[in-house]
Every structure is written in structure tokens, then in C-alpha cells.
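My notes follow the order in which I looked things up.

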Amino acid sequence: MNTDEEVTEKKERATVVVPLDTPLKRGDQVIKAVTLRKPLGGALTGAKVVDLLNLDLVAASKVVRRISSPVITAQEFLAMEAEDCTAIAGEIAGFLLQKRQKAEAGLEA
């Protein structure tokens, strides 16, 4: 792999699509799924990593607006159905684990 390919690979961040059991309604727009991208350190500002790993929804609400597409505000996130909040918070927590940690926990093949 040459240097240009390595730089491109590092710039591409992991994403995951989270389908919502209860679509989010924003005016005429209906959001059936949210795409989350792996956060960089700055996106975690204001949230304790341990709280994110414990699926704390208030902590996740501080981060979700910075990594979601379409952007989900903290108020929208906290007003969502519990199972959708938990699914999003779980994906955020998953982004924070190293590959080795995921493998040890049986979360990655």
C-alpha cells in the first residue's frame, strides 16, 4: 500500500446505519434511519467516555448531534422511543472500543 492510499484509508471513518423502530417526524420529513459516523475525540466533548460506554442517554445526546446524518438534536434524541435511543447509544459505545476489545468481548468476528 502506498502512502496516498494509507492517508485516504485513515481519513475514511467507519459509519453505521441505525434503522428506527419508530420513525422520527420533523415537519413533513420522516426519518426512518440515522447514519452515525465514528467520532473523533472532539466530538466527545462534554460527555464522559465511561457514561457513553454505560449507554447513558444524556451523555449520548451530547454526542449524537455531532455524528449523525441527518443531524439529530439532543432534544429529538431524548424524545425518541427508548429502544431507538438505546440502539443509537449502543452504536456510539461500539465506536469507542478498540478492535482487540471488540474481539475479546465477542463483538467482532
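Before reading any crossing angle, I noted that axes are lines fitted to C-alpha atoms, for helices over the stretch in contact, with angles running from 0 to 180 degrees between N-to-C directions. I also kept in mind that this is a predicted model.

I looked up helix 3 (residues 57–67) and helix 5 (residues 82–95) as a pair, and found that their axes come within 10 Å and cross at roughly 75 degrees. Since angles of 65 to 115 degrees count as roughly perpendicular, I recorded helix 3 as roughly perpendicular to helix 5. On the helix 3 side the contact is made by L57, A60, V63, V64 and I67, and on the helix 5 side by C85, T86, I88, A89 and I92. Sorting the residues of this contact by type, I got nine nonpolar, one polar and no charged.

I then turned to the largest nonpolar core, which has 23 residues, and noted that L36, L52, I72, F77, M80, I88 and I92 touch the most other members. Strand 1 (15–26), strand 2 (29–37), helix 3 and helix 5 are the elements that give two or more residues to this core. For L36 I listed the contacts beyond four places in sequence, among them V64 and I67 as well as I88 and I92.

Last, I checked S61, which lies in helix 3. Is S61 buried or exposed? I wrote it down as buried, because its relative accessible area is 5% and the cut-off for buried is under 20%. The side chain of S61 reaches the backbone oxygen of V58 at 2.6 Å, and, leaving out residues up to four places away in sequence, S61 touches A74, F77 and L78.

Conventions:
Residues are numbered from 1 along each chain as its sequence is written. This is a predicted model: local features need pLDDT of at least 70, side-chain atom pairs count only at pLDDT 80 or more; totals for chains, interfaces and linings use all residues. Side-chain values use heavy atoms; hydrogens and water are left out. Helices (H or I, at least four residues) and strands (E, at least two) are DSSP runs, numbered from the N terminus. Angles under 35 degrees count as roughly parallel, over 145 as roughly antiparallel, 65 to 115 as roughly perpendicular and the rest as oblique. Contact means heavy atoms within 4.5 Å. Ala, Val, Leu, Ile, Met, Phe, Trp, Tyr, Cys and Pro count as nonpolar, Asp, Glu, Lys and Arg as charged, and the others, Gly among them, as polar. A nonpolar core is a set of buried Ala, Val, Leu, Ile, Met, Phe, Trp, Tyr and Cys residues joined through side-chain atoms within 4.5 Å. Buried means under 20% relative accessible area, exposed over 50%, partly exposed in between (1.4 Å probe, protein chains only). A polar contact is a pair of N or O atoms within 3.5 Å; within protein, one must be able to donate a hydrogen and the other to accept it, and residues adjacent in sequence count only if both atoms are side-chain atoms.
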